[in-house]
Amino acid sequence: MKRPVQRGLQGLRVLRVRSGTAAGAAKPVRSVRLDPMTPDEYPAWEEIAVRSYAESQVRAGNWAPEVAIELSAKELLGLLTEGVSTPGHNLWVARDVETAARVGTLWMIVRSQGGYTEAYVYDLWVESDQRGAGYGRAIMEAGAAVAKERGADAMALNVHGYNHRAYSLYRSLGYQVANSHMRLPL
Ligand SMILES: CC(C)(COP(=O)(O)OP(=O)(O)OC[C@H]1O[C@@H](n2cnc3c(N)ncnc32)[C@H](O)[C@@H]1OP(=O)(O)O)[C@@H](O)C(=O)NCCC(=O)NCCS
């Protein structure tokens with residue numbers, strides 16, 4: 001069953017886009033290939049993923065700094081129970097197709113939920129010295145192409161409200177806000 005495209009609620013929590021509807025890029029068009037992450041590459045990725053997820057949860061106001069690393073590790077390792085070989089979880093290293101340089105990573109699953117098949121992006125990461133050059137867009141497009149091949153009719157992810165860069169990237173790719181989680185400090 002095809003999922004209807006969801007239109008513009010205001011808010012930042014979950015965004016969905018029908019696969020294959022990415023908008024055009026204004027910068028140099030980058031192409032990446034997604035190579036399965038190797039067991040050798042995994043530990044360094046895991047360390048960065050745990051740290052950056054903890055930092056983002058603190059910055060979003062969801063977790064106190066003193067518990068963030070522990071909670072982040074628990075959540076991440078609770079999902080990736082067999083590390084890089086966890087069934088159903090795709091961990092990729094993105095490389096520029098022309099230079100073969102490593103430019104980022106993508107963690108994605110394809111799942112059946114609510115009668116639909118969707119790809120859920122747990123983590124997108126562009127190497128800090130490669131940001132702003134079009135690789136985030138290229139990685140998300142490569143992930144969407146794989147998702148479509150595997151039968152997904154939509155991409156979904158969460159983005160924190162403070163992360164304007166990621167939010168702009170997803171919006172420019174055509175993602176729409178599907179749900180919104182709000183907070184008022186008291
Ligand atoms: C967010 C992130 C993935 C973006 O990747 P990137 O390679 O820098 O993004 P791109 O160069 O492909 O830019 C694509 C779009 O992102 C937005 N963008 C890029 N740089 C931006 C900036 N400095 N400020 C605001 N928006 C920006 C723009 O909409 C841009 O579209 P354009 O090419 O039409 O201008 C990258 O900054 C990153 O890895 N950040 C840390 C981890 C993270 O936040 N991951 C996302 C978790 S939800």
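Quick ground rule: helices and strands here are DSSP runs, numbered from the N terminus. The model is a predicted one.

**Exercise 1.** Work out which helices and strands supply at least two residues each of the shell around the ligand, and what that shell is made of.

*Solution.* 
- Step 1: go through the elements. Strand 5 (116–126), helix 3 (135–149) and helix 4 (164–173) each give at least two shell residues.
- Step 2: look for the largest share. That belongs to helix 4, with 6 residues.
- Step 3: pick out the nearest ones. Out of 21 residues around the ligand, Arg131, Gly136, Arg137, Ser168 and Leu169 come nearest.
- Step 4: sort the shell by class, which gives 10 nonpolar, 7 polar and 4 charged residues.

**Exercise 2.** Describe how helix 1 packs with helix 2.

*Solution.* 
- Step 1: get the geometry. Helix 1 (42–59) and helix 2 (65–79) meet at about 130°, and their axes are 8 Å apart.
- Step 2: list who touches whom. Helix 1 brings Ala49, Val50, Tyr53, Ala54, Gln57 and Val58, while helix 2 brings Pro65, Ala68, Ile69, Ser72, Ala73 and Leu76.
- Step 3: classify these contact residues: 10 are nonpolar, 2 polar and none charged.

**Exercise 3.** Find where pLDDT stays under 50.

*Solution.* 
- Step 1: start with the whole chain. Its mean pLDDT is 90, with 86% of residues at 70 or more.
- Step 2: flag residues 6–15, under 50 and with 33 contacts beyond four places in sequence.
- Step 3: flag residues 18–25 too, below 50 with 22 contacts beyond near neighbours in sequence.
- Step 4: apply the caution that low-pLDDT coordinates should not be read in detail.

Terms used:
Residues are numbered from 1 along each chain as its sequence is written. This is a predicted model: local features need pLDDT of at least 70, side-chain atom pairs count only at pLDDT 80 or more; totals for chains, interfaces and linings use all residues. A residue is near a molecule or strand if its C-beta atom, placed from the backbone, lies within 6 Å of it. Helices (H or I, at least four residues) and strands (E, at least two) are DSSP runs, numbered from the N terminus. Ala, Val, Leu, Ile, Met, Phe, Trp, Tyr, Cys and Pro count as nonpolar, Asp, Glu, Lys and Arg as charged, and the others, Gly among them, as polar. Axes are lines fitted to C-alpha atoms, for helices over the stretch in contact, and angles run from 0 to 180 degrees between N-to-C directions. Two residues are in contact if their C-beta atoms, placed from the backbone, lie within 7 Å. pLDDT is the predictor's confidence in each residue, from 0 to 100.
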